[in-house]
There are 4 protein chains.
Amino acid sequence: MTTIKDSVHDHIEVAGVAADLVDTPPVQRLRRIKQLGTVALVYPSANHTRFEHSLGVFHLADRALGHLDIAGKRAERVRAAAILHDVGHSPFSHNVEDLLTRRTGKAHDDVDELVADGAVAGVLDDHGIAPSNVARLVRGDGELAQLIAGELDVDRMDYLVRDAHHTGVPYGTIDHGRLVRELTFIDGELVLDEGNVQTAESLLLARALMNPTVYSHHVARISKSMLRRGTERLLESSEIDARRLRRMDDHELSVALRTHDQSSEFGRRLAERSLYKRAVWAEMGDVDDDLIDADHDTVRDFEGEIAADAGVAEDGVILDVPGKPSMRESTTGVVVNGEVRRLDEQSTLVNALQVAQREQWRFGVYAPAGHVEAVGKAAERVLGLETEGALISEVNSPGRYASLADFE
Amino acid sequence: MTTIKDSVHDHIEVAGVAADLVDTPPVQRLRRIKQLGTVALVYPSANHTRFEHSLGVFHLADRALGHLDIAGKRAERVRAAAILHDVGHSPFSHNVEDLLTRRTGKAHDDVDELVADGAVAGVLDDHGIAPSNVARLVRGDGELAQLIAGELDVDRMDYLVRDAHHTGVPYGTIDHGRLVRELTFIDGELVLDEGNVQTAESLLLARALMNPTVYSHHVARISKSMLRRGTERLLESSEIDARRLRRMDDHELSVALRTHDQSSEFGRRLAERSLYKRAVWAEMGDVDDDLIDADHDTVRDFEGEIAADAGVAEDGVILDVPGKPSMRESTTGVVVNGEVRRLDEQSTLVNALQVAQREQWRFGVYAPAGHVEAVGKAAERVLGLETEGALISEVNSPGRYASLADFE
Amino acid sequence: MTTIKDSVHDHIEVAGVAADLVDTPPVQRLRRIKQLGTVALVYPSANHTRFEHSLGVFHLADRALGHLDIAGKRAERVRAAAILHDVGHSPFSHNVEDLLTRRTGKAHDDVDELVADGAVAGVLDDHGIAPSNVARLVRGDGELAQLIAGELDVDRMDYLVRDAHHTGVPYGTIDHGRLVRELTFIDGELVLDEGNVQTAESLLLARALMNPTVYSHHVARISKSMLRRGTERLLESSEIDARRLRRMDDHELSVALRTHDQSSEFGRRLAERSLYKRAVWAEMGDVDDDLIDADHDTVRDFEGEIAADAGVAEDGVILDVPGKPSMRESTTGVVVNGEVRRLDEQSTLVNALQVAQREQWRFGVYAPAGHVEAVGKAAERVLGLETEGALISEVNSPGRYASLADFE
Amino acid sequence: MTTIKDSVHDHIEVAGVAADLVDTPPVQRLRRIKQLGTVALVYPSANHTRFEHSLGVFHLADRALGHLDIAGKRAERVRAAAILHDVGHSPFSHNVEDLLTRRTGKAHDDVDELVADGAVAGVLDDHGIAPSNVARLVRGDGELAQLIAGELDVDRMDYLVRDAHHTGVPYGTIDHGRLVRELTFIDGELVLDEGNVQTAESLLLARALMNPTVYSHHVARISKSMLRRGTERLLESSEIDARRLRRMDDHELSVALRTHDQSSEFGRRLAERSLYKRAVWAEMGDVDDDLIDADHDTVRDFEGEIAADAGVAEDGVILDVPGKPSMRESTTGVVVNGEVRRLDEQSTLVNALQVAQREQWRFGVYAPAGHVEAVGKAAERVLGLETEGALISEVNSPGRYASLADFE
């Protein structure tokens with residue numbers, strides 16, 4: 001047994017298959033993948049990695065298994081899945097996942113290939129665990145998969161607390177100890193036991209507060225868009241293909257962006273935090289439905305059109321269209337008066353959160369500081385945006401974005 | 001200048017009128033008044049006092065004044081009010097306030113008499129401050145009073161963080177540093193500056209989560225009801241009158257309850273944590289409007305009737321009818337796109353909180369463990385409660401209240 | 001099983017004999033005994049109690065038993081002793097212990113009588129545990145008693161962390177998780193396993209830093225001396241005897257001091273924090289050995305003589321002669337290269353701590369603010385103190401004691 | 001003014017020259033240089049960077065300047081130096097500094113060239129500050145330089161607290177708020193004001209505990225030695241010279257090590273945490289003075305000899321000879337009875353720390369796991385080490401290094 005010191009959970013005891021997996025290269029690689037990608041450009045302390053998060057997820061999974069009285073091979077499979085649940089992440093975590101998934105057909109939780117081979121497969125084999133079973137758990141298939149990849153999974157319990165600790169933003173402070181203790185299986189569904197409606201709500205509220213303040217902070221979104229565009233240029237112009245890029249780490253991508261001609265401007269800007277600004281920042285009601293649902297190519301066409309209209313280079317315009325908000329956790333099951341109810345049937349608050357999420361949705365158009373006005377006006381023309389509330393002149397009005405976390 | 005070490009704000013620097021006020025007996029008395037009264041019977045670490053809270057409120061007020069660029073005599077008055085804002089509290093803070101207000105006509109924020117006399121008046125006089133001006137601020141009158149006793153006051157910023165620290169419940173962790181910095185006066189109204197809708201929401205969400213988990217935990221409510229009943233017996237049967245009791249401290253009331261015959265049973269039970277149990281625990285929809293709005297005497301009549309019906313002693317039945325929920329903070333002003341808006345006009349979440357508060361409202365009937373069933377049935381008959389969902393047999397069904405914080 | 005929320009250890013799970021003992025009046029009484037007595041007059045947040053500390057000690061003992069693989073009846077006895085280890089404390093913990101021990105012959109860890117009777121005895125009996133065995137463990141007799149009352153006991157692990165949390169002083173932050181894991185029994189001795197010399201040192205260093213800053217802060221010492229004198233007056237002049245006083249709680253003693261004539265001046269002064277000041281503050285080298293070793297009566301004689309010489313009332317002079325420093329933990333056993341060594345044989349640092357403790361020792365003479373100079377000079381004459389470094393005029397020279405924690 | 005959220009100091013307000021400097025590429029580069037280099041291989045959460053540390057140092061410097069009443073241009077120079085004090089660091093901070101200093105003649109605090117040119121020089125010029133004055137402060141020249149680079153500098157106050165926060169090791173928890181407040185200048189020397197001997201001691205004790213547990217943990221030392229060796233190979237075999245390497249960041253060096261043939265084995269091993277083991281681990285008394293004082297070339301010769309003797313490749317042996325311990329902080333000035341005294345004249349503890357540091361000193365020989373025994377024996381022969389206490393067979397005996405932090 002090995003004991004590892006963690007800044008969030010203090011001591012984490014790792015044994016069995018988990019201890020052996022920790023030492024494999026695919027897991028060690030997670031030391032070089034930041035948990036929050038470009039969020040560190042907003043919150044300078046947010047340098048924590050997928051590696052420490054994976055240990056945290058293992059730790060909470062292990063405790064949950066104990067409280068649920070699940071032991072033996074079934075438990076070991078879950079522990080293996082906990083350690084491995086993030087090995088499929090590309091550099092900068094979710095930041096460039098979309099563009100790689102478009103090219104490779106694989107999302108970050110598609111780890112079949114990764115665990116079926118090499119050191120990981122060897123360790124799983126030593127412990128008599130079939131890689132396919134672990135991959136299934138990571139993908140969210142099967143009853144016990146709910147612990148790792150469900151509405152009540154320990155993944156989000158760890159990241160909320162960890163992200164709060166490292167950003168310094170206090171909103172992620174859920175009572176993870178209580179959550180883990182109150183988990184129970186009823187008819188194959190992982191739910192929270194009687195008396196925990198508030199506990200469940202607190203988990204969703206934490207996410208709802210962390211979302212605009214941390215995960216979707218506009219500076220993090222701008223940087224992410226720039227990283228994505230730079231990475232596309234890198235894939236188009238270098239010998240690096242999506243399959244290989246998916247297995248790189250933050251260090252390698254950061255260097256590759258800076259050293260390849262077509263991506264170097266984005267690489268340099270990200271390294272020096274010389275970021276684009278918002279030319280448009282529009283609410284859902286101000287944006288055409290076609291744009292919200294547009295596919296990648298359509299968005300790229302819009303960017304080209306706007307750039308042409310504004311008279312700037314193609315890379316001088318980036319559109320950032322977030323997906324429609326969903327809140328999977330709202331279906332969390334909670335026992336109320338002896339029967340399992342869905343949280344969104346039970347909680348006024350959770351329903352409000354779903355509305356609030358729509359209200360917080362923003363469409364962005366970004367451009368280099370000097371071109372913001374021209375690009376904003378061009379975007380208005382090309383996209384037919386309503387004038388009010390959308391234009392740069394307003395969003396950047398004095399004082400408006402002197403947000404504490406802004407740091408610009 | 002004196003520097004005081006505080007477990008929440010680290011170092012608090014006290015100078016001027018505040019430093020002199022700290023040394024007066026009415027402020028020192030707050031060392032013997034627990035911030036959360038009977039909540040310590042649920043959360044054993046919640047022994048923090050009104051004294052340290054008053055220092056915390058002073059500290060945040062002082063910083064807010066700095067950010068708002070308010071100095072001189074106006075600022076000193078606010079600092080004095082911050083230190084003095086809780087000197088009007090009776091023993092166990094809010095727990096017995098109602099019954100004393102009924103008898104003395106004075107609520108805890110009515111401090112005119114207390115500051116117009118003795119050591120406090122002397123200190124205020126030394127610093128050229130009129131006691132009546134300070135009392136006015138404590139009462140919430142005047143523009144600057146909003147800092148001490150308004151929707152955005154530093155009082156609640158301190159207590160949320162402090163109560164979280166001492167109970168160990170993580171939900172009160174607001175970003176008080178940000179809140180204090182973002183305060184601004186617009187047309188005489190204290191509001192949060194542009195970009196702080198979420199900051200404002202977080203303050204209300206923190207309260208909404210702390211409320212059922214801490215402040216209105218049913219064990220704290222039961223204990224509070226017992227304390228209130230014991231105190232009434234003490235007032236009825238001893239030489240202690242309401243005026244004098246209002247100036248006692250927790251120690252004195254705790255001893256008085258135990259040493260006077262008529263109150264000693266409650267005194268002993270509270271000291272030994274031998275508490276009444278819930279005979280009825282009913283939602284708002286299950287309770288007649290007349291009961292919800294009933295005055296003190298009517299409630300006492302009901303208690304007598306139920307006791308008679310159940311065949312138990314008069315003190316064997318306690319009705320606990322909370323006031324209708326209100327959420328004053330929902331009118332908090334926040335600057336949005338350059339104009340002040342009320343939070344409840346702006347925030348879906350805040351509106352949901354108001355509904356949620358009604359849903360969390362509970363009417364309770366409490367009785368000694370052995371009489372719970374008899375009292376429950378009698379209450380049902382006397383109060384005409386709907387059978388379903390209200391009766392003891394259900395609320396105490398196995399597992400239902402095995403809440404983590406319960407400790408019974 | 002009950003789960004209790006603790007501000008230090010988060011969730012504490014209490015079951016078996018411990019859960020039943022928690023509900024007994026002698027343990028509930030500890031809710032009304034402050035852990036640090038008069039230290040709260042220096043650190044306003046230090047209002048934590050022996051009750052929460054006892055739960056913490058139980059929690060660490062329980063985890064240590066797990067790591068040591070000790071189960072069954074032996075473990076239950078230790079758990080019972082952990083919960084009960086402080087029931088023998090008099091009001092204000094150690095503050096008035098000496099004077100009660102002088103009168104009753106019982107120290108706080110002499111709990112034979114307390115556990116052999118009443119509710120506690122009943123619970124122990126229900127669980128088949130002999131009260132005498134538990135009392136023995138509390139007293140420090142027997143191999144497993146080392147966990148509760150030895151050099152490496154969980155008692156000090158809990159109080160260092162808890163006192164740091166509540167005072168806000170950061171020096172008590174030991175790695176208690178590691179300490180508990182590294183405990184091991186070798187030849188019947190509880191020692192720290194290989195590789196833990198630094199871990200052991202950190203425990204002693206934490207104490208060494210907490211001592212002058214918190215436990216022996218001069219304001220806490222002055223208050224303690226006043227409390228002791230007031231309590232003596234109370235015992236001399238009222239119907240309360242030492243046996244009864246030993247079973248009172250802080251609330252009762254605080255009220256009794258204020259309501260009895262002979263002690264009321266001390267009671268009032270403590271309640272209003274109107275404290276004596278130092279008339280003399282002398283290092284060990286400046287004080288005669290006879291004084292350091294003087295018994296209680298001799299000290300009282302000196303006080304009378306000094307009062308007479310200074311022309312003040314008898315209660316206007318208090319001598320405070322701390323015992324010679326000892327450092328029991330320096331004999332802590334640590335495994336080094338496979339064999340158990342005493343820490344003070346192994347650690348240069350620990351030896352230095354012993355010297356440092358002697359250097360920090362101070363003899364104090366206290367008097368009301370107005371009499372400080374007269375009493376200081378009289379003490380000098382009567383006690384034959386060297387002039388230099390001892391007199392009030394020096395110790396209170398401007399700036400000298402503007403210590404952060406001072407708050408005077 | 002910009003406000004930045006920091007995980008340690010909460011909100012950091014940056015204005016004036018500091019705010020402009022933060023945006024320059026040399027300061028932004030510090031985002032990609034880990035504060036503790038290879039320590040992250042022992043403590044997985046220790047991923048904090050020189051960037052956030054620099055903000056922390058600025059913050060404490062700014063507060064110290066306020067307490068010391070230093071304003072205007074003098075203060076701005078100190079603030080600039082605080083932000084810039086680490087721009088001279090090479091990748092992985094101190095880990096490869098020696099070998100670069102040997103080749104470039106420049107240590108990390110030699111920043112004259114770096115601030116005299118480019119964006120930094122531009123900003124300094126805009127604010128009327130001479131780059132040479134800032135470089136002088138960083139180097140530790142001049143009275144105010146003591147705040148940035150002296151025995152009592154804010155640099156170590158920040159890093160102790162920050163390293164504790166991120167590693168999870170509790171020993172660095174000094175009272176930095178108190179330290180900053182108690183700084184004062186006496187006769188041009190920065191000292192701690194009256195009453196702060198313990199405060200000063202606590203700073204040294206924190207370092208003394210963090211040292212073996214964190215900074216000099218043997219796994220961090222092994223990794224550092226491997227990084228150093230790999231970097232030497234990189235410099236010998238690639239187009240990268242020392243001057244260029246000094247300006248790279250962690251990402252670039254990590255990639256370069258892995259992609260160049262001669263260093264790739266070390267690059268891979270570090271990336272996969274496949275580390276060398278200790279073949280020898282010897283105390284100072286067991287090692288010849290000639291070895292302790294040996295220069296770089298002599299050490300390399302010894303390595304070659306041992307490798308030959310053991311029959312392993314040249315890179316299969318690494319000697320790790322730490323410098324003789326020094327404790328610069330022991331000369332810290334503290335005011336005692338009105339005069340400045342050196343801490344080591346005043347404090348028994350500090351003297352003990354100096355001895356303890358010698359005792360903790362260890363000489364290491366490292367080799368790949370399979371060659372540990374052969375290399376250990378060869379080292380013994382070549383270096384004439386005393387057999388006892390030095391050999392691998394002992395240091396790796398079962399259980400001996402099952403240290404909590406070990407994670408191997």
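1. A term to start with: two strands pair if DSSP finds at least two bridges between them. Helices (H or I, at least four residues) and strands (E, at least two) are themselves DSSP runs, numbered from the N terminus. With that in hand, look at chain A, where A:Asp320 has A:Gly364 of β9(A) as its bridge partner.

2. Some housekeeping before we go on. This is a predicted model, in which local features need pLDDT of at least 70 and side-chain atom pairs count only at pLDDT 80 or more, while totals for chains, interfaces and linings use all residues. Residues are numbered from 1 along each chain as its sequence is written, and chains are lettered from A and ligands numbered from 1 in the order in which they are written.

3. Now the sheet around that residue pair. β6(A) and strand β9 (residues 362-367) of chain A run antiparallel and are joined by three bridges. They belong to an open sheet of three strands in chain A, ordered β5-β9-β6, with antiparallel pairing. Because β5 (277-283) and β6 (318-320) of chain A each have a single partner strand, they stand at the edges, and one side of each is left without a neighbour in the sheet. On average, neighbouring strands here are turned by 15 degrees against each other, direction ignored; such axes are lines fitted to C-alpha atoms, for helices over the stretch in contact, and angles run from 0 to 180 degrees between N-to-C directions.

4. Which helix lies across these strands? Helix α13 (residues 218-237) of chain A lies across β5, β6 and β9 of chain A, and runs at about 125 degrees to β6(A).

5. Stepping back, chain A is assigned domain 1 (2-216) and domain 2 (276-324 + 361-408); such bounds come from an automatic or database domain assignment. The C-alpha centres of the two domains of chain A lie 34 Å apart. UniProt, in an unreviewed entry, places the feature "domain: HD/PDEase" at residues 46-169 of chain A; its positions are given in the numbering used here, feature names are shortened, and annotations may be inferred rather than shown by experiment. Over residues 46-169, chain A is 65% helix and 0% strand, with the end C-alpha atoms 10 Å apart.

6. Strand β7 (residues 333-336) and strand β8 (residues 339-342) of chain B run antiparallel, joined by four bridges. B:Val334 has B:Arg341 in β8(B) as its bridge partner. Two residues lie between the strands of this hairpin, in which B:Asn337 takes a positive phi near 50 degrees.

7. How are chains A and D related? A rotation of 180 degrees with 0.0 Å of shift along its axis superposes chain D on chain A (RMSD 0.0 Å), using least squares on the C-alpha atoms of residues with pLDDT of at least 70 in both. The two copies are therefore related as by a two-fold rotation axis. Of the residues of chain D, D:His251 comes closest to the axis, at 2.2 Å (C-alpha).

8. Finally, the contact between these chains: 37 residues of chain D touch 37 residues of chain A, where contact means C-beta atoms, placed from the backbone, within 7 Å. β1(D) gives the most to this side of chain D, with five residues. By class, the side of chain D that touches chain A has 13 nonpolar, 15 polar and nine charged residues; Ala, Val, Leu, Ile, Met, Phe, Trp, Tyr, Cys and Pro count as nonpolar, Asp, Glu, Lys and Arg as charged, and the others, Gly among them, as polar.

Conventions. Contact = placed C-beta atoms within 7 Å.
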